[in-house]
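I opened a new notebook page for this structure.

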Amino acid sequence: MRIELFYTPGCEKCAETKDELRAAAKELIPDASWRELNALDELDYAVELGVVTLPSIAIDGNVVFSSLPNPRQFRRELRKRIGHR
Amino acid sequence: MALTIGKIANLANVSTDTLRYYERERLITPAAKSSGGYRLYERDALPRIRFIKQAQRCGFSLTDIRALLTLRAENRACCRDVRRVALEKKLQLEAKIKAMKVMSKALTNLIRECSGDARALADCPILAALDRANGLGRTAR
């Protein structure tokens, strides 16, 4: 599974939550790839995936969260996807 | 010195209707009303009106502009908060451009399909293709 978090530099909201989300991803799916992408540097890729708000999280190339979820919401989404594998 | 709505509209190069609309959208508020009930504005409303107009030209919706003006008034907000709003707007514009390019390409293909001759509308390949895209067969009508 490929998890990509698009953020803007200096986003305090992102910094507070992203470590918890990354830990949740690694705990549930140890082989998941986790990338944190500066939307300014990856603008074309963000547009390609359909990111229109920041921060956003894409899973396997689809924008799943258009704002940061809390760790519980994120775990629920990941479990749903593991179940569908 | 307080300015009437007509005076400030004239200085900002907008209509009085526009200013009333901005007021309904909670973007500007008259400083006071005269004894006759006319709206009166302070001169510092002028840069605010110009800011709103310029932001509209840059593609910001009135909701976005309200958010920007709120950010501007917040002590805790800083430039990077505004940059995030601007970046989100750019992402939205780029998404629209991408969708429009797809539409434009589809139209190019449709135009290629049509020889532009005088055949009947029932045989028009462009209309037929649009019907197919809608899941309607022209023969099924």
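My entries on strands and helices follow.

**Entry 1: the model.** I noted that this is a predicted model.

Entry 2: I looked up strand E3 of chain A, residues 56-59, and found it joined by three bridges to strand E4 of chain A, residues 62-65. The two strands run antiparallel. I checked one bridge: A:Ile59 has A:Asn62 in E4(A) as its partner. E3(A) and E4(A) make a hairpin, with two residues between them. In the turn I found A:Asp60, with a positive phi of about 50 degrees.

**Entry 3: a sheet in chain B.** Next I looked up the strand order and read E1-E3-E2 in chain B. The three strands form an open sheet with antiparallel pairing. Strand E1 (3-4) and strand E2 (32-33) of chain B each have a single partner strand, so one side of each has no neighbour in the sheet. I then followed E1(B) to strand E3 of chain B, residues 39-41, and found two bridges. B:Leu3 has B:Tyr41 in E3(B) as its bridge partner.

**Entry 4: two helices in chain B.** I turned to helix H4 (residues 62-73) and helix H5 (residues 79-113) of chain B, whose axes come within 10 Å. They cross at roughly 165 degrees. Angles over 145 degrees count as roughly antiparallel, and H4(B) and H5(B) are therefore roughly antiparallel to each other. The crossing is left-handed. On the H4(B) side I listed B:Asp64, B:Ala67, B:Leu68 and B:Leu71. They meet B:Asp81, B:Val82, B:Val85 and B:Lys89 in H5(B). I sorted the residues of this contact into five nonpolar, three charged and no polar.

Methods:
Residues numbered from 1 in each chain as written. Chains lettered and ligands numbered in written order. Predicted model: local features only at pLDDT ≥ 70, side-chain atom pairs only at ≥ 80, totals over all residues. Pairing = 2+ DSSP bridges. Helix = DSSP H or I, 4+ residues; strand = E, 2+ residues; numbered from the N terminus. Axes fitted to C-alpha atoms, helices over the stretch in contact; angles between N-to-C directions. Parallel < 35°, antiparallel > 145°, perpendicular 65-115°, else oblique. Left-handed = near helix turned anticlockwise from the far one by under 90°. Contact = placed C-beta atoms within 7 Å. Nonpolar A, V, L, I, M, F, W, Y, C, P; charged D, E, K, R; others polar.
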